[in-house]
2 protein chains.
Amino acid sequence: MVETAVDECELCESPGGEVVWENALCRVVMAEELNYPGFCRVILNSHHREMTDLSFSDRAQLMTVVFAVECALRRLYKPDKINLASLGNLTPHVHWHVIPRWRDDPHFPNSIWAAPQRIDSPLRRSVDGRLLGEQIICAMRKTLA
Amino acid sequence: MVETAVDECELCESPGGEVVWENALCRVVMAEELNYPGFCRVILNSHHREMTDLSFSDRAQLMTVVFAVECALRRLYKPDKINLASLGNLTPHVHWHVIPRWRDDPHFPNSIWAAPQRIDSPLRRSVDGRLLGEQIICAMRKTLA
């Protein structure tokens, strides 16, 4: 998929979800977690393990995309909180989780990787990938303005 | 503590740990989690909820500090992985967790907020805060070079 692809890395071998925005450096995919509408991942196209393995310019560009996704999700979903994380313990290929959170979501106030706190969370609708892509473009334009 | 301090915000009311580096925008503190030597937090000095509540310049500056801490921790601890996260569900005041991870640490490969995976993890020594501060300064200098 990319020049620096690594065998048996699932993010080198597949997009990792429905791509809603992409450029030469990275792609934004919808995570499609039922309880977490809007949950996106910003995935580096090339295979690198840590943010500090990237050039200063690529780090900055990637974070600009992460924050554009945060802007788009805040505008579309109006969540109570946004969670950002780059973990990669299982898949050591740089990718960012951008997760809208609500006070009544299954894990709040804990991280989504902790034990659930409740089972009666309301189901919220996910917006269409195309609309999300448009909002990311809109947020990116403000960055460049 | 800061001009924009908010009542009952623990990160407005206290430093949040031993400060090893700071500037006008933020401070780096040692988290002092026994099982996670090197675990640091980069805490914004002013009270803001989300990264996208900050100016573009402050976002970029804050991430430069986060990545300088990542560099310093990689150099000092040589961990198997670095985890970065800005969650703030309980304390909605922007702060980043910068966490060195090892394959045999208590939660690996899960996040440190998930259920533990093992109880026989080796105890690793934490380095002195002054040494960590020096390495952060060293990493910041490379950013500015």
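**Legends: chain A, fold and cysteines**

**Fold of chain A.** Chain A has three helices and five strands (DSSP runs numbered from the N terminus: helices are H or I, at least four residues; strands are E, at least two). Along the sequence they follow α-β-β-β-α-β-β-α. This is a predicted model, in which local features need pLDDT of at least 70, side-chain atom pairs count only at pLDDT 80 or more, and totals for chains, interfaces and linings use all residues. Residues are numbered from 1 along each chain as its sequence is written, chains are lettered from A and ligands numbered from 1 in the order written, and side-chain values use heavy atoms, without hydrogens and water.

The C-alpha atoms fill a box of roughly 45 × 35 × 25 Å along the principal axes. Of the 145 residues, 51% are buried (buried, under 20% relative accessible area; exposed, over 50%; partly exposed, in between; 1.4 Å probe, protein chains only).

**Cysteines without a disulfide.** The whole structure holds zero disulfides over all chains (a disulfide is a pair of cysteine sulfur atoms within 2.5 Å). A:Cys138 is in none; the nearest cysteine sulfur, in A:Cys71, lies 9.0 Å away. A:Cys138 is partly exposed, at 28% relative accessible area.

What is the closest cysteine sulfur to that of A:Cys26? It belongs to A:Cys40, 12 Å away, so the two are too far apart for a bond. A:Cys26 is buried, with a relative accessible area of 0%.
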